[in-house]
Each structure stands twice: as C-alpha cells, then as structure tokens.
Amino acid sequence: MFQLRIRFTNLASSVRKAIVLVLFLLSNYNSLSQDVNNNLRVYNVTQFTVSKISDATLASSRYSMAYTYDDPKSLGINMNFGYFVLPHHIGIGVSLGINTNFNPNFNLFPLGFELRYLVFNQPSTPYLFCQMRSLVKIGEDFYGGRERGFGLGYKVKLAHATFLTFDLKYNYKTIKNGEGMYASNLSIKGLDFSLGMIF
C-alpha cells in the first residue's frame with residue numbers, strides 16, 4: 001500500500017507539472033506571434049501514431065526464460081509542445097501522449113522531452129528529432145518504463161498557419177512487469193509512423 005501511494009504521488013506530480021507547462025505554453029501561444037514558416041518561438045504538434053513492432057519480448061529478471069509475442073501492435077496520440085531556442089532551427093519541448101498496445105494488452109502514458117532540428121527555414125522542410133520519455137502505467141497490467149526514440153520527418157504547409165507533418169521514428173521501450181521473484185522486463189522495438197498537424 002505504501003509503494004502504491006508513492007507511485008500515485010509521483011504520477012500526480014508528473015501530470016501536474018506537465019499540465020502547468022502546457023497551460024503556460026498555450027497561454028503565451030497567441031502573444032508570441034509565429035512567422036509565416038511556423039519555425040519561431042512556440043510550436044504545437046499533435047500526431048496520430050501507428051507502430052510497426054519488430055520485436056516484443058518478455059524476459060524474466062531471475063530465470064533464463066523469455067517469451068516473444070506474436071503480431072504485437074500499438075496505436076497512440078501524441079502531443080509535442082515546444083519552443084525554438086535557436087529560432088527557425090532548434091526546438092526543445094515536452095512530449096506526452098496516450099498509447100494503446102495489443103498483444104500484450106496494456107495502456108501507457110508517455111511523458112518526457114524532445115529535441116527537434118529543422119533543416120531549412122522554409123514553409124516545407126525536412127527535420128530530425130529525438131525523444132526520451134517515461135512510460136507511466138495506466139490500468140492493471142504492467143508497470144511503468146522508459147521510451148527512447150529518434151527519427152526524421154517532413155513538414156508541409158497547407159494554409160497560412162496550418163502544417164502537416166510526416167514522421168518515421170525508431171522506437172525502443174523497456175517496461176517493468178511484476179516485482180521480486182516474479183519481476184520481468186518487456187522490451188519492445190519497432191518503427192513509428194506518425195501523421196501530425198501544427199497549429
């Protein structure tokens with residue numbers, strides 16, 4: 001019960017910090033006018049993600065046993081709120097989302113940081129990015145974990161202040177399952193395909 005209270009307190013604290021930061025960015029979004037290329041100051045990218053998982057393996061922490069899942073899948077909605085610390089090129093932000101995984105079945109709340117680099121200061125431009133996020137458990141199965149990923153994408157201008165993004169990211173997740181002699185670790189590797197919109 002004590003450990004459960006600690007986890008709940010940490011989760012509540014992380015969510016509270018994320019909400020405060022998101023509200024701060026949104027409250028300043030209109031006052032910080034973007035340039036026509038949307039490569040200046042505050043940015044907000046909302047994405048729908050489908051994962052092509054190449055490997056999902058559950059390995060015991062105590063015994064030499066491992067189980068590989070067949071045909072694992074993952075869907076998610078992710079939001080990236082950031083600020084261009086180097087105008088027109090380098091942005092640093094907060095990345096959060098909700099991911100649903102199938103076989104094994106569980107839900108996670110990713111929360112962490114991202115670094116984004118725009119190749120050109122143009123309305124349409126390729127970009128590179130990397131993310132490091134904690135995976136907060138939602139539901140009964142599995143515990144939290146970590147997620148690391150890097151990839152590339154392309155931003156396309158649709159209208160005066162509306163842009164589409166297309167991402168391809170290599171993703172590696174490690175997720176804890178159980179405790180003590182029953183502890184095991186789930187590792188998931190794959191590619192994320194994302195379609196997003198910048199407002």
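This is a predicted model: local features need pLDDT of at least 70, side-chain atom pairs count only at pLDDT 80 or more; totals for chains, interfaces and linings use all residues.

Visitor: What makes aspartate 71 exposed?
Guide: Exposed means over 50% relative accessible area, buried means under 20%, and partly exposed lies in between, using a 1.4 Å probe and protein chains only. Aspartate 71 has 55%, so the word exposed applies. Lysine 73 has 40% and is therefore partly exposed.

Visitor: How do you know that glutamate 147 and arginine 133 form a salt bridge?
Guide: Their side chains meet at 2.8 Å, N to O. Glutamate 147 is in strand S7 (residues 145-157) and arginine 133 in strand S6, so this pair ties together parts that are 14 residues apart in sequence. A strand here is a DSSP run of E with at least two residues, just as a helix is a run of H or I with at least four, and both are numbered from the N terminus. Glutamate 147 counts as buried because its relative accessibility is 4%, and arginine 133 is buried because its value is 5%.

Visitor: What makes aspartate 192 and lysine 169 another such pair?
Guide: The side chains of aspartate 192 and lysine 169 come to 3.7 Å, N to O, in a salt bridge. Aspartate 192 belongs to strand S9 and lysine 169 to strand S8, so the pair ties together parts 23 residues apart in sequence. With 5% relative accessible area, aspartate 192 is buried; lysine 169, with 7%, is buried too. Arg133, Glu147, Lys169 and Asp192 are linked in a network of salt bridges, and a search of the whole structure finds five salt bridges.

Visitor: Why is a space in the structure called a cavity?
Guide: On a 1 Å grid over the protein atoms alone, a cavity is a set of points where a 1.4 Å probe fits but cannot get out, and its lining residues have an atom within 4 Å of a point. The structure holds three cavities of 30 Å³ or more. About 150 Å³ of space lies in the largest cavity, where volume is the space filled by probe spheres set on grid points joined across faces, edges and corners. Its lining has 19 residues, and the closest to its centre are Thr49, Asn78, Arg133, Lys169 and Asp192.

Visitor: What makes ten residues here the largest nonpolar core?
Guide: A nonpolar core is a set of buried Ala, Val, Leu, Ile, Met, Phe, Trp, Tyr and Cys residues joined through side-chain atoms within 4.5 Å. The ten include Ile53, Phe106 and Ile188, and the largest share of this core, three residues, comes from S1. Another core lies apart from it, with eight residues, among them Phe84 and Tyr127.

Notes. Residues are numbered from 1 along each chain as its sequence is written. Side-chain values use heavy atoms; hydrogens and water are left out. On a 1 Å grid over the protein atoms alone, a cavity is a set of points where a 1.4 Å probe fits but cannot get out, and a pocket is an open set with protein on both sides within 12 Å along at least five of seven lines; lining residues have an atom within 4 Å of a point. A salt bridge is a side-chain nitrogen of Lys or Arg within 4 Å of a carboxyl oxygen of Asp or Glu.
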